[in-house]
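Here is a short briefing on one protein model. Please look over the sequence and the structure first. The notes by topic come after.

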Amino acid sequence: MRLVLLGPPGVGKGTQAARLGLRFGVPHVSTGEMFREALSQKTPLGMEAQKYMDAGKLVPDDITIGLVRERLSRPGVSSGFILDGFPRNLVQARALEDVLRDLGAALDAAVSIEAGTETVVRRLSGRRQCRRCGAVYHVEFNPPSEPGRCPKCGGELYQRDDDREETVRERLRVYMAETEPVIEFYRQRGLLVSVDGERDIDEVTQSIISALKEGNAVEESVSDGDS
Ligand code: AP5
Ligand code: ZN
């Protein structure tokens, strides 16, 4: 299973990618997480990316594409991946085609999760993430059992710097200007699957799996069992 997840900041790409990764037994590959991890380790890549992330801008394509090419070339992703946060503009979308062609692989689908601005702003403002394991919660919609503590690993929950109001506004602007055209790119290639992201977390997961089955991206043998 090779999927790309598209959608505005805060729509639930990371949340759904983690679930789909478990469901299909393939890794969740998130460029945002790769940058945040590099930043927490204070590597040169992390320090460079931080300038753009804090401003709500895209990290330059050469850096991001190189990172994804390297990640998708590792053995752990040979049977598939759920790509979250990439591609984010048309240059990256074409680069992904090149990377996959070089690997002799192809995408099964590009899933666009759709929700209005009011919904995504509410989701971003209540998001909390674990510093240790990266798990994502929401103070209202997916609350941890103990406030401020990760139920999975006991790590501290924090609010992302780029979830401040003015940065969120810029991320949404960048999304509309640069990332929305990527949806049309995949529509033209017959790979686009759109789902309603306004519903609750379980319902969105279910509708993605159903839509993939309808589009024959999921084989029946894989779709049997829990979902
Ligand atoms: P990135 O980390 O990719 O951020 P993003 O695309 O803005 O997406 P988010 O992580 O904010 O949201 P999400 O859709 O994953 O939502 P989540 O599941 O967390 O990128 C960050 C930055 O890195 C970029 O701004 C850029 O600078 C850089 N970058 C990354 N990739 C790049 C690239 N390819 N090129 C250049 N630069 C790049 O959910 C949000 C909240 O809502 C959570 O609290 C969750 O619990 C809750 N929630 C989720 N689903 C639901 C639901 N159905 N109902 C109720 N609540 C829900
Ligand atoms: Zn944790």
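Helix α8 covers residues 201-214, and its 14 residues should span 20 Å at 1.5 Å a residue. The end C-alpha atoms of α8 are 20 Å apart, which agrees. Keep in mind that this is a predicted model.

**Helix α8**

- Seen from its N-terminal end, α8 is capped by D200. A side-chain oxygen of D200 lies 3.2 Å from the backbone nitrogen of D202.
- The buried residues of α8 are V204, T205, S207, I208, I209, A211 and L212.
- An α-helix has 3.6 residues a turn, so residues three or four places apart point the same way.
- Just after α8 comes N216, with a positive phi of about 65 degrees.

**Zinc site**

- Which residues coordinate the zinc ion (ligand 2)? The donors are the SG atoms of C130, C133, C150 and C153, at 2.3 to 2.4 Å.
- The four donor atoms subtend angles of 96 to 115 degrees at the zinc ion, so the arrangement is tetrahedral. The rule asks that all angles lie between 85 and 135 degrees.
- Ideal angles for four tetrahedral donors at a metal are 109.5 degrees.
- The donor residues follow the spacing C-x2-C-x16-C-x2-C in sequence.
- C130 and C153 link distant parts of the chain, 23 residues apart. C130 sits in strand β5 (residues 127-130). C153 sits in the loop between β6 (136-138) and β7 (157-158).
- Are C130 and C153 buried or partly exposed? C130 has a relative accessible area of 2%, so C130 is buried. C153 has 25% relative accessibility, so C153 counts as partly exposed. The cut-off for buried is under 20%.
- The count of disulfides is zero, on a cut-off of 2.5 Å between cysteine sulfur atoms.

**R160**

- Where is R160? R160 is in the loop between β7 and α7 (165-188).
- R160 has 12% relative accessibility, so R160 counts as buried.
- The side chains of R160 and D162 make a polar contact at 2.9 Å.
- Leaving aside neighbours within four places in sequence, R160 is in contact with R36, R127, Q129 and R171.

Terms used: Residues are numbered from 1 along each chain as its sequence is written. Chains are lettered from A and ligands numbered from 1 in the order in which they are written. This is a predicted model: local features need pLDDT of at least 70, side-chain atom pairs count only at pLDDT 80 or more; totals for chains, interfaces and linings use all residues. Side-chain values use heavy atoms; hydrogens and water are left out. Donors are N, O and S atoms within 2.8 Å of the metal (3.2 Å for Na, K and Ca); water is not among the atoms, so sites may look incomplete. Four donors count as tetrahedral if all angles lie between 85 and 135 degrees; four count as square planar and six as octahedral if opposite donors are over 155 degrees apart and all others between 65 and 115; anything else is irregular. Helices (H or I, at least four residues) and strands (E, at least two) are DSSP runs, numbered from the N terminus. Buried means under 20% relative accessible area, exposed over 50%, partly exposed in between (1.4 Å probe, protein chains only). The expected span of a helix is 1.5 Å times one less than its number of residues. A polar contact is a pair of N or O atoms within 3.5 Å; within protein, one must be able to donate a hydrogen and the other to accept it, and residues adjacent in sequence count only if both atoms are side-chain atoms. Contact means heavy atoms within 4.5 Å.
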